[in-house]
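Colleague: I would like a close look at a single part of this model. Please take me through it step by step.

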Amino acid sequence: MSESMDMKSGSAVITGASRNIGAAIATRLATDGFPVAINYYSKNEHSDAQAVKEEIVKSGGKAGIYQCDVSQNDQIEAMFRAVTADLGAPSVLVNNAATSVASAITFREIDESAWDEVSDTNLKGVFLCCKAFDKYSIPGSYRSIINISSIRVSIGMEGNSHYTAAKAALIGFGRVLARELGPSEIRVNAILPGAITTPDQAAYGDVAALHKMILDSQSLKRLGMPVDIANLVSFLVSPDAAFITGQSILCDGGWAFQ
């Protein structure tokens, strides 16, 4: 991290940061010098969140863990108050928390409750976290919001239309925020991860067959890893990306093209 960035930056809040992509982002931003707020949702994720924190602290960074359901505004408010008191006012927000859908449920099979469950976390939760970030971050600091979308938006993958709809909405929402918050020097961008290798992939069926399908589809013939997304986040929140806002960037090994 450059001296000028270190002087201006506050803490980084990463939602859904106890495992996988979120954990990789938290670890990378801590390496960059940010005090990191590791958000997690359920009590059974506490040990994972604690492990991420311990790894960061062992490496000389600073981190805290915060349980919060991002679909609940009162919990978000409490989290941002605690983060500000513990780690300093946030200058980075990464909206990574999401209700994932491991099945391939079709539009005709999705009922209203399933639609609401996904959109409450994956869309409303982002809206509420952005509101809190705008409230608690300090004008004059180097501020950035990153919304984690999905390659599903670009390729129109069949199934789970509720998930894809919410992830697509993040792109439009982020572009409006970039316009509205730009005068306050808050940048807003979206990342569309491709197929990222995590232990959770087994939920989608035969892992070997899944990997073959992915590699056949990609231009780069290697599997994506959580660190690939974390590296892009690191760039987008840095001064090197100071003139980039309102953008949606695929990180997918050349699967889809915009």
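Is His162 buried or exposed, and what is its relative accessible area? Please go on from there to the helix that holds His162 and to the largest cavity.

Modeller: Keep in mind that this is a predicted model. His162 is buried, because its relative accessible area is 4% and the cut-off for buried is under 20%. The residue sits in helix α7.

Now its surroundings. Ile214 gives a sense of distance: from His162 to Ile214 the C-alpha separation is 22 Å. In sequence the two are 52 residues apart.

Next, the cavity. The model has one cavity of 30 Å³ or more. The largest cavity holds about 40 Å³ of space. Its lining takes in Leu170, Ile171, Gly174 and Arg175. Val188, Asn189 and Ala190 line it too, along with Gly246, Gln247 and Ser248. Two or more lining residues come from each of α7 (161-181) and β6 (186-193). Helix α7 gives the largest share, with four residues.

Conventions
Residues are numbered from 1 along each chain as its sequence is written. This is a predicted model: local features need pLDDT of at least 70, side-chain atom pairs count only at pLDDT 80 or more; totals for chains, interfaces and linings use all residues. Side-chain values use heavy atoms; hydrogens and water are left out. On a 1 Å grid over the protein atoms alone, a cavity is a set of points where a 1.4 Å probe fits but cannot get out, and a pocket is an open set with protein on both sides within 12 Å along at least five of seven lines; lining residues have an atom within 4 Å of a point. Grid points are joined across faces, edges and corners, and a volume is the space filled by probe spheres set on the points. Buried means under 20% relative accessible area, exposed over 50%, partly exposed in between (1.4 Å probe, protein chains only).
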